[in-house]
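Here are my notes for someone opening this structure for the first time. Keep the viewer open beside you and take the points in order.

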Amino acid sequence: MRIMLAPMEGVVDHTMRTMLTAVGGLDRCVTEFVRVTTAKLPARTFYRYCPELHNNGLTPSGVPVYLQLLGGQPEPMAINAARAAALGAPGIDINFGCPAKQVNRSDGGSVLLKEPDRVYAIIDAVRTAVPDNIPVTAKIRLGFEDRSLLGDVCQAVFAANAGELTIHARTKQDGYKPPAYWSAIQAISANSPIPVIANGEIWSVEDYRQCIKQSGCADIMLGRGILACPDLAKQITAAQKQQANTAMDWLMVVELLAQFCIVTEAAYQRRYVGNRVKQWLGYLRRQYPLAEVLFDDVKRLKWPEEIATAIEVHKQSQQTSRLKQRVG
Ligand SMILES: Cc1cc2nc3c(=O)[nH]c(=O)nc-3n(C[C@H](O)[C@H](O)[C@H](O)COP(=O)(O)O)c2cc1C
């Protein structure tokens, strides 16, 4: 059983990968997508999306980060994949799932699921251009408007010799609306020559159990669920091994947020730190009611030191109220 961290544009950048892989339980990450049109992209683009290339393609905790490419033309995709591999990317992941109108209009993401032949041509070109020891993987949805081409798309992925296939168990039409249709993956995973990774709507250990049961997959990918519950991969691993595990309490998450502030300030201009912390709190609210309280405390703050102070004050007030509860 392996657990992957989902690619999430604008959310899961290298700072988030650093935080979440430090918590543990994750086997692999993917960068945000590098948009490929016709140009051969400069090396600095790859380093920007994947600073982990300076560390053999690994997060500080040693988890590999695959470079994600998005584009509809085989040749430029192949040229840029080869460049990413030469820079040390431990794997190349190709995005066939992005639902964004802007991306689909410019010939990339889920719109390609309408054309299994192009899915084949893109993966085949990338696979041929990249050294054999570097895996090339694909991430798809169940389809664009409907699931009618799912079998053909998967056959294209297999025929082009992709190493693994991740399926987000919804069509582009379904967007991000629950549920995810895990059982729709079952026929694919049962007959697949390569590992199939199930993705979509896994928010808890119980969701994980249902997902592997219904999809027939051993491996999963976590997106919003692990942002809401940073130790979800650890909890799932422990449950799978039937080991005891204590879930992270809110104070541990607050500590993580304080570190996130520091890591983010080192990576971005100061004015962006607040938004990134607020964005993560937005996801954490789903799992931790106190995230709402902290969100209210920081929502009008902008600068890293103000945010860091608000986090510290919140932490101390929570510690005090816990102490009072124990004494009382
Ligand atoms: C904000 C956001 C950005 C995303 N960016 C990407 C992306 O760059 N590439 C991709 O293949 N999927 C992307 N996805 C889809 C996720 O990888 C994942 O398939 C989806 O969120 C379902 O998993 P979840 O229910 O665990 O979140 C994105 C999803 C969200 C919510």
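**Notes on the predicted model**

1. Let's start inside the sheet, with strand β7 (residues 196–199), which is covered on both faces: V196 and A198 are buried on one side, and I197 and N199 are buried on the other. Buried here means under 20% relative accessible area, exposed means over 50%, and partly exposed lies in between (1.4 Å probe, protein chains only). Helices (H or I, at least four residues) and strands (E, at least two) are DSSP runs numbered from the N terminus. As background, side chains in a regular strand alternate between the two faces of the sheet.

2. A word on the ground rules. This is a predicted model, where local features need pLDDT of at least 70 and side-chain atom pairs count only at pLDDT 80 or more, while totals for chains, interfaces and linings use all residues. Residues are numbered from 1 along each chain as its sequence is written, and side-chain values use heavy atoms, with hydrogens and water left out.

3. Which strands pair with β7? On one hand there is strand β6 (residues 164–171), parallel to β7 over four bridges, with T166 standing opposite I197. On the other there is strand β8 (residues 219–222), also parallel and joined to β7 by three bridges; here N199 has M221 as its bridge partner. From β7 the chain crosses through helix α8 (residues 205–215) to β8, a right-handed β-α-β crossover. Right-handed means that, with the strands pointing away from the viewer, the path from the first strand over the helix to the second runs clockwise. Strands count as paired if DSSP finds at least two bridges between them.

4. Now zoom out to the whole sheet. It is open, with eight parallel-paired strands in the order β1-β8-β7-β6-β5-β4-β3-β2. β1 (3–5) and β2 (29–35) sit at the edges with a single partner strand each, so one side of each has no neighbour in the sheet. Neighbouring strands are turned by 30° against each other on average, direction ignored. Elsewhere in the sheet, strand β3 (residues 65–70) and strand β4 (residues 92–96) pair in parallel over three bridges, and Q68 has D93 in β4 as its bridge partner.

5. Have a look at β5 next. Helix α6 (residues 150–159) lies across β5 (136–143) and β6, at about 175° to β5. Angles run from 0 to 180 degrees between N-to-C directions, using axes fitted to C-alpha atoms, for helices over the stretch in contact. L142 belongs to strand β5 and is buried, with a relative accessible area of 1%. Leaving aside neighbours within four places in sequence, L142 has contacts that include L150, I167, A169, Y181 and I185; contact means heavy atoms within 4.5 Å.

6. The loop between β5 and α6 holds E145. Not counting residues up to four places away in sequence, E145 touches K114, T171 and Q173.

7. Finally, the charged pairs. A search of the whole structure finds 17 salt bridges, each a side-chain nitrogen of Lys or Arg within 4 Å of a carboxyl oxygen of Asp or Glu. One of them joins R2 and D219 (2.7 Å, N to O). R2 lies in the segment before β1 and D219 in strand β8, so the pair ties together parts that are 217 residues apart in sequence. R2 is partly exposed at 24% relative accessible area, whereas D219 is buried at 8%.

8. Another salt bridge links E255 and K315, with the closest N and O atoms 2.8 Å apart. E255 is in helix α11 and K315 in helix α14, so this pair ties together parts that are 60 residues apart in sequence. K315 is buried, with a relative accessible area of 16%, while E255 is partly exposed at 31%.

9. One more pair to check is K299 with D296, whose closest N and O atoms are 3.1 Å apart. K299 counts as partly exposed at 34% relative accessibility, and D296 counts as partly exposed at 40%. Salt bridges that share partners also join R2, R28, E164 and D219 into one network.
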